[in-house]
Amino acid sequence: DLQPFAQCLTESGAKMYGAYWCSHCQIQKKGFGDSWDEINYIECSLPDGKGQTAICEQSNIEGYPTWEFADGSRMSGEVSHETLASKTGCEY
């Protein structure tokens, strides 16, 4: 069960920017299973898939997925649970 891990990620300030059409985002989501609802996820794509939401533009998100952490650092692409754990101090 990844729910405590997912909750800890969100409580630590971690968030994931993504797009509904992004295959790497889908893989990252599937990795959390039912616990995905606990992740602070920001959808960047407009409904037509042809633009970016204002929040993602203002945050200068250039690729998906992008994980952002409480210290302002970012990681792009699929990030392993182990890496997310070490970046946040959350137990995986």
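1. Buried face of helix H1. In this predicted model, the buried residues of H1 are Phe5, Ala6 and Leu9. Viewed down the axis of H1, these buried residues fall within an arc of 95°, so they line one face of the helix.

2. Just after the helix comes Gly13, whose phi is positive, at about 100°.

3. Number and pairing of disulfides. The model has 2 disulfides. With the bonded cysteines of the protein numbered in sequence order, the pairing reads 1-4, 2-3.

4. Cys8 and Cys90. These two cysteines form a disulfide, with their sulfur atoms 2.1 Å apart. The bond links distant parts of the chain: Cys8 belongs to helix H1 (residues 3-11), while Cys90 is in the segment after helix H4 (81-88), and 82 residues separate the two. The torsion about the S-S bond of Cys8 and Cys90 is about -90°, so this disulfide is left-handed.

5. Accessibility of Cys8 and Cys90. Is each of the two buried or partly exposed? Cys8 has a relative accessible area of 25%, so it counts as partly exposed. For Cys90 the relative accessible area is 5%, and this residue is therefore buried. The cut-off that matters here is 20%, under which a residue is called buried.

6. Cys44 and Cys56. A disulfide also joins Cys44 to Cys56, with an S to S distance of 2.0 Å. Cys44 lies in the loop between strand S2 (41-43) and helix H3 (54-58), and Cys56 lies in helix H3; the pair links distant parts of the chain, 12 residues apart. The link of Cys44 and Cys56 is left-handed, with -75° about the S-S bond. Both Cys44 and Cys56 are buried.

7. Cys22 and Cys25. How accessible are these two cysteines? Cys22 has a relative accessible area of 6%, and is therefore buried. Cys25 is at 0% relative accessibility, so it counts as buried.

Technical notes
Residues are numbered from 1 along each chain as its sequence is written. This is a predicted model: local features need pLDDT of at least 70, side-chain atom pairs count only at pLDDT 80 or more; totals for chains, interfaces and linings use all residues. Side-chain values use heavy atoms; hydrogens and water are left out. A disulfide is a pair of cysteine sulfur atoms within 2.5 Å. Helices (H or I, at least four residues) and strands (E, at least two) are DSSP runs, numbered from the N terminus. Buried means under 20% relative accessible area, exposed over 50%, partly exposed in between (1.4 Å probe, protein chains only). The arc is that of the directions from the helix axis to the C-beta atoms.
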